[in-house]
Amino acid sequence: MATLLGRGGRRMEVASLVLPVFAIIVTGWLAGVSGYLSRSLADALVHFAYNVAMPALLIVTIAQEPARNLLEWRFLLAFGGGSLLCFALVFLAVRAGGKHDLASSTIHGMAAAMTNTGFVALPILHAIYGQPAVLPAAVATVFVAGVMFPLTVILLERDVRSPAHSAGLVKQILLNPMVLSTLIGLVWAITGLPIPAPVAAYLNIIAAALTPCALFAIGLGLSVDGLRSNLKASFALATVKLVVMPLIVYGLCVVTGLNPLYTIAAVICAAVPTAKTVYVLAHEHKVEEKLVAATVSVTTMLSVATLLVALYLLSGLAPRHALTVTGAPGDVSSISWCCSRSAPNWSRRPTANCTIRSRAP
């Protein structure tokens, strides 16, 4: 059975996944502006997200991904290289202006480069391209968790005005909830041991609280004056995030010869909104909170259009369907997959010419 999503289906899939994200932000804003909830509650929500929900998400995401799956170097170079390059470009441009310190420049860079892969890109790719597209989205999520998060924390924790001793700084960074949970997840992934079902269920329940808490807190703390005062800067960062970064990632995909399905995954992962966790970091460190809140809101609103454009332009690279084989046990002994020669085994994708051979058990 093969299911092909048309253009109307793609629009509905993207809208149904992105618009609720923005709706939660609007709900938080309405609760705050109407006085239904105190804006001071945003601090408690972010504190919970930063110290409890986010570490649980990082551990359960990284630990459950086989270590060998994290080594698709062309995908990592394309998506990861594009993320780091966009961060560096914005970071250096802001620092060159001379008006922002290290922490502020870091938040500017991450607002333009850290992407919401797990909650937006992954479900979109899975809905349109099926299970083969899940792995690259998961690898992108692990890259954001294992590289972008720790890099942000390291730069934010560094006190440029009064540098701490190296040992104290290293201890402070390693004990940071995000860095520590990332290391735990990586060590667990390397061991190859499965997470016990009760532990995984426990972590997933806590991790599920991250999205509503972080997004609601963004809206609750968002004011019209704050949005208006940061509108120009947030639109500039949104342009880098939703236009420049996907173009850079696509260029790196072409240069490295990445297979079509992974190319689509890399570009879609780059074209989704700014990760809400950037706001959690900014709020926790009291750096550029209003700017990041505005940027997350703007990128969330505009990402529906950019994702539709990206999906339309890339739709010819790989088939938009998944193959499901049904039958009694023993009826099907092997499936011959048609795939590009450069595709790794785990990203092989079925096409109309795929054949199924049967033999007696």
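These are my notebook entries on a predicted model of a protein.

**Entry 1: overall picture**

I began with the whole chain. The protein has 361 residues, and 50% of them count as buried. I looked up the secondary structure next and found 15 helices and two strands.

I picked Val52, which sits in helix α2, residues 41–63. Is Val52 buried or partly exposed? Its relative accessibility is 35%, so I logged Val52 as partly exposed. I then checked Val52 against Leu203. The two are 151 residues apart in sequence. In space, their C-alpha atoms are 9.8 Å apart.

**Entry 2: aromatic rings**

I looked for aromatic pairs and the count came to four. I followed up Phe75 and Phe79. Why is this pair called stacked? The ring centres are 6.2 Å apart, and pairing needs them within 6.5 Å. The planes stand at 15°, and under 30 degrees counts as stacked, so the label holds.

Both residues belong to helix α3, residues 73–96. They are four residues apart there, about one turn of the helix. An α-helix has 3.6 residues a turn, so residues three or four places apart point the same way.

I opened helix α4, residues 102–113, to look at Ser105. Its relative accessible area is 0%, so I wrote Ser105 down as buried. Which residues does Ser105 touch, leaving out those up to four places away in sequence? I found Phe91, Val94, Arg95 and His100.

Next I went to Thr263 in helix α13, residues 260–270. Thr263 has a relative accessible area of 5%, under the 20% limit, so it is buried as well. With residues up to four places away in sequence left out, Thr263 touches Tyr250, Cys253, Leu258 and Leu317.

**Entry 3: an enclosed helix**

How many of the 10 residues of helix α14 are buried? I got eight, so this helix, residues 276–285, is largely enclosed by the rest of the structure. I listed the buried residues of α14: Lys276, Thr277, Val278, Tyr279, Val280, Leu281, Ala282 and His283. I then checked the backbone just after α14. Lys286 takes a positive phi there, about 55°.

**Entry 4: the second largest pocket**

Two elements give two or more residues to its lining: α12 (231–256) and α15 (289–314). I wrote out the lining residues: Leu242, Val243, Pro246, Leu247, Tyr250, Val267, Ala271, Thr306, Val309, Ala310, Leu313 and Leu314. Tyr250, part of this lining, had already come up as a contact of Thr263.

What classes of residue make up the lining of the second largest pocket? I counted 11 nonpolar residues, one polar and no charged ones.

Conventions. Residues numbered from 1 in each chain as written. Predicted model: local features only at pLDDT ≥ 70, side-chain atom pairs only at ≥ 80, totals over all residues. Heavy atoms only, no water. 1 Å grid on protein atoms, 1.4 Å probe; cavity = no way out; pocket = protein on both sides within 12 Å on 5 of 7 lines; lining within 4 Å. Nonpolar A, V, L, I, M, F, W, Y, C, P; charged D, E, K, R; others polar. Phe/Tyr/Trp six-rings, centres within 6.5 Å; stacked < 30°, edge-to-face > 60°. Buried < 20%, exposed > 50% of the residue type's maximum accessible area, 1.4 Å probe, protein only. Contact = heavy atoms within 4.5 Å.
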